[in-house]
Amino acid sequence: MKVGLIYTSTTPELIADVEREVRSQIGDEAELYSLQDPSILADVREAGYVTTAPAARLIGMYMKAAEEGCDAVLNLCSSVGEVADCAQDCAKYIGMPIVRVDEEMCREAVRKGTRIGVMATLPTTLEPTKNTVKRMARENNKKIEIVDCLVDGAFGLDQEQFRARMSECAATIADKVDVIVLAQGSMAYCEQYLADKFGKVVLSSPRFGAAELKKALVKKGLM
């Protein structure tokens, strides 16, 4: 069994969290095939949205994973999650499911509360995540309120500084929300810290994405 991990950001924290969560779900015998292109996220950040060239490169990474024999892939960037959505028909046709790391997290947020805070360090991640939360609310016929929280200046900080900046920003929304969603997988190591500090449900994506990846493999009869 071979699984593709598709990265547009390659922080050590993200890679470590993702590989740990994936291994916990599918075991140590599966081959993890990592594809990385940070220029995709860089181009999206510069433009402020997903333009043609980075979208095409991302789709090319999916196709490369298929050529290399991956049974399923996990898309690990919420900024480009809608590209994964548009590629789903092709993925079904070639028999290689594309799993979004953040979709089930957003669904769980809607299950857990009606006032949902979305934290991100990049505007280009904030809006796609909000769109996914809204889609999950529609699917569940539930009225929700979304509270934005752009963690300005946090991108690129070390763990200690990042955690402190996350805490400062979370404090501005904690009393306004039932659930806090961490829009970027690289934020996952702050999940328990923020939950303990503010007494709120805090959700990050790697564990949800890994669980959905396992479901996709089970559906194919590989587990």
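Predicted model: local features only at pLDDT ≥ 70, side-chain atom pairs only at ≥ 80, totals over all residues.

**Entry 1, the largest pocket.** I began with its lining: helix H5 (88–94), E4, helix H6 (103–112) and helix H10 (205–219) each supply at least two residues. I took helices (H or I, at least four residues) and strands (E, at least two) as DSSP runs, numbered from the N terminus. H10 gives the most to this lining, with four residues. In total 18 residues line the largest pocket, and Gln88, Pro97, Ile98, Val99 and Ala216 lie nearest its centre. I noted about 440 Å³ of space in it.

My search ran on a 1 Å grid over the protein atoms alone: a cavity is a set of points where a 1.4 Å probe fits but cannot get out, a pocket is an open set with protein on both sides within 12 Å along at least five of seven lines, and lining residues have an atom within 4 Å of a point. Grid points are joined across faces, edges and corners, and a volume is the space filled by probe spheres set on the points.

By class, I found six nonpolar, two polar and 10 charged residues in the lining of the largest pocket. Here Ala, Val, Leu, Ile, Met, Phe, Trp, Tyr, Cys and Pro count as nonpolar, Asp, Glu, Lys and Arg as charged, and the others, Gly among them, as polar.

Residues are numbered from 1 along each chain as its sequence is written, and side-chain values use heavy atoms, with hydrogens and water left out.

The largest cavity has a volume of about 130 Å³, and of its 15 lining residues Ser9, Leu41, Cys77, Gln184 and Ser186 are the closest to its centre. Its lining has seven nonpolar, eight polar and no charged residues.

**Entry 4, the sheet.** I traced an open sheet of four strands in the order E2-E1-E3-E4, with parallel pairing. Two strands pair if DSSP finds at least two bridges between them. Strand E2 (31–36) and strand E4 (98–100) are at the edges with a single partner strand each, so one side of each has no neighbour in the sheet. Three bridges join E3 (residues 72–75) to E4, and Asn75 stands opposite Arg100 in E4.

Met96 sits in the loop between H5 and E4. Is Met96 buried or exposed? Met96 is buried, with a relative accessible area of 2%; I call a residue buried under 20%, exposed over 50% and partly exposed in between (1.4 Å probe, protein chains only). Beyond four places in sequence, Met96 touches residues including Tyr62, Cys70, Val73 and Ala91, where contact means heavy atoms within 4.5 Å.

Thr124 lies in helix H7 (residues 123–139). Thr124 is buried too, with a relative accessible area of 8%. Leaving aside neighbours within four places in sequence, I listed Val44, Arg45, Gly48, Tyr49 and Ser79 as contacts of Thr124.
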